[in-house]
Each structure stands twice: as structure tokens, then as C-alpha cells.
Amino acid sequence: MRLYHGSYTEIKSPDLLHSRKNVDFGLGFYTTPLYEQAVNWARKFKRNGGSGIISYYRFDEKVLNKLKVLKDRKSGSA
């Protein structure tokens, strides 16, 4: 599976040490399988005078059960 992350900088490897505490679902590294959703996040940085960057990652779904993941209640997807 390919996952995307919209930010102000390229993030080559997700790093929880730089996670912010006061975000919607707490500490973590936020990704989405939806490219357009990541683009929307990146646009927020562009509006503030920065540059928006989309980073992407290949994720092995076999390890999903080893992670703490917030799932969409409606669809059951991560």
C-alpha cells in the first residue's frame, strides 16, 4: 500500500520524536492512502508562505496488526 504525508518539508523516514502533542488524535505520524488529502494538508503550508511537499511511503500491510492505528468507524479502514 502507498501512504502519503503532506507537510512543509520532505520526510524521508517517519519519526515519532518530532510529533506534536496537541493534534487531533495525539502523538503520531499522520498518513493517508488518499493523495488528494495529503495535497490539501500541503496546501495549508503554501498558504502560510511556505512550500507544500508530499512524501510517500510503501507500507507492508502484513505488519498492520502490530501497530496502534486509528481506524475510520464507517468503513473500518485505517
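Biologist: Why is Tyr4 called buried?

Modeller: The model is predicted, local features need pLDDT of at least 70, side-chain atom pairs count only at pLDDT 80 or more, and totals for chains, interfaces and linings use all residues. Residues are numbered from 1 along each chain as its sequence is written, and side-chain values use heavy atoms, without hydrogens and water. Buried means under 20% relative accessible area, exposed over 50%, and partly exposed in between, with a 1.4 Å probe and protein chains only. Tyr4 has 14%, so Tyr4 is buried.

Biologist: What makes Tyr4 and Tyr35 an edge-to-face pair?

Modeller: Rings of Phe, Tyr and Trp (its six-membered ring) pair if their centres lie within 6.5 Å; planes under 30 degrees apart are stacked, over 60 edge-to-face, and the rest tilted. By this rule there are two aromatic pairs. The ring centres of Tyr4 and Tyr35 are 5.2 Å apart and the planes are at 80°, so this pair is edge-to-face.

Biologist: Why is Tyr35 called partly exposed?

Modeller: The relative accessibility of Tyr35 is 42%, so Tyr35 counts as partly exposed.

Biologist: What makes Phe29 and Tyr57 an edge-to-face pair?

Modeller: Their ring centres are 5.8 Å apart and their planes are at 80°, so the pair is edge-to-face. Tyr57 counts as buried because its relative accessibility is 11%, whereas Phe29, at 22%, is partly exposed.

Biologist: How do you know that Leu70 is exposed?

Modeller: Leu70 has 54% relative accessibility, so Leu70 counts as exposed.
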